[in-house]
Amino acid sequence: MVDFAYVIAGSEATGGAGLQADLRTFQQLGAYGVGTVTCIVSFDPKAGWSHRFVPVEAQVVADQIEAATSAYDLHTVKIGMLGTPATIDVVAEGLRGQQWRHIVVDPVLICKGQEPGAALDTDTALRREILPLATVTTPNLFEARTLSGMDEITTVDDLIEAARRIADLGPRHVVVKGGVEFPGSDAVDVLFDRDSDGRNAQVLRAAKVGEARVAGAGCTLAAAITAELAKGADVPEAVLRAKEFTTAGIVARVGGNAPFDAVWQGGQ
Ligand code: PXL
């Protein structure tokens, strides 16, 4: 039997992040990847590798969702970068069109290619329309600060408190990722379960692999959670395996001419 994993996300032209990283992750973990493109990000090597961002027309996003969900009985989906309020509307509508066992939301909040006013509208729409549908959400430290309203997240208790506040926005499970910015020598993540109000909160640790950000780490973690859920794991199992998979991908990272390395999902 084939396990299908579906992703609705942006394309990132160097292949390090976005849909390309998601589909590599699904493949490596043995799930059949189905993808819908929401926007196209092309870093500009002539301008410090800044983001250039072009949304896919909302109707075309809706058409892709229709094609994917009609072709297969999909039950597990990852939501990555959406990019505009119009895209968020059609994705929310598309998600409401059927039952899902799991909706994994990577709350990609800002894209540097967007002007700030538009980015704020997008953040608000994401918080209002998509986050409440999530069974799992995976904010990084910046996204956790923004969504929780906490100025500082520097301790494990802060990670748990941020997760609690984000769970109040609707998601059943919240994985707050400390990443390289979190103090200390470990990459610390917290898994918070809304139904237990954090009594079952788990703290996941792995030694940091250097101090530099690696492109695609967040995408890979959420995609790996999605693939494991698609294959039948429960949320704690899926998150644990996804963290191991992502850490191994960071160790095996690839470098090129861009000023950042990228996770290599195939190097494990
Ligand atoms: O890593 C966040 C991210 C997600 N999706 C797309 C991106 C990026 C970061 O550049 O371009 C399409």
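1. The buried residues of α1 pack against β1, β2 (32-41), β4 (76-79), α7 and α8. Contact here means heavy atoms within 4.5 Å. Helices (H or I, at least four residues) and strands (E, at least two) are DSSP runs, numbered from the N terminus. This is a predicted model, in which local features need pLDDT of at least 70 and side-chain atom pairs count only at pLDDT 80 or more, while totals for chains, interfaces and linings use all residues. Residues are numbered from 1 along each chain as its sequence is written, and side-chain values use heavy atoms, with hydrogens and water left out.

2. The residues of α1 that are buried are G18, L19, A21, D22, T25 and F26. Buried means under 20% relative accessible area, exposed over 50%, and partly exposed in between (1.4 Å probe, protein chains only). These residues lie on the same side of α1 because they cover an arc of only 160 degrees around the axis; the arc is that of the directions from the helix axis to the C-beta atoms. After α1 comes G30, with a positive phi near 85 degrees.

3. Helix α7 contains T226, which is buried with a relative accessible area of 0%. Neighbours within four places in sequence aside, T226 is in contact with Y6, F26, T76, V77, K78 and V104.

4. A68 belongs to helix α2 (residues 58-71) and is buried, at a relative accessible area of 7%. Not counting residues up to four places away in sequence, A68 touches Y6, V34 and L74. Its C-alpha atom is separated by 7.8 Å from that of T36, 32 residues apart along the chain.

5. The largest nonpolar core has 43 residues, of which Y6, I8, I79, V91 and I130 touch the most other members. Helix α6 (residues 156-167) gives the most to this core, namely 6 residues. Another core, of 26 residues, lies apart from it and has F26, L204, A222 and F245 among its members. A nonpolar core is a set of buried Ala, Val, Leu, Ile, Met, Phe, Trp, Tyr and Cys residues joined through side-chain atoms within 4.5 Å. As for I130, its contacts beyond four places in sequence are I79, L82, I88, V91, A92, V105 and A125.

6. The largest pocket holds about 1,400 Å³ of space. Its lining has 49 residues, and N140, R213, V214, G216 and G218 lie nearest its centre. Elements that give two or more residues to this lining include β1 (4-12), α1 (18-28), α7 (217-230) and α8 (235-251). On a 1 Å grid over the protein atoms alone, a pocket is an open set of points where a 1.4 Å probe fits, with protein on both sides within 12 Å along at least five of seven lines, and lining residues have an atom within 4 Å of a point. Grid points are joined across faces, edges and corners, and a volume is the space filled by probe spheres set on the points.

7. The lining of the largest pocket divides into 25 nonpolar, 12 polar and 12 charged residues. Ala, Val, Leu, Ile, Met, Phe, Trp, Tyr, Cys and Pro count as nonpolar, Asp, Glu, Lys and Arg as charged, and the others, Gly among them, as polar.
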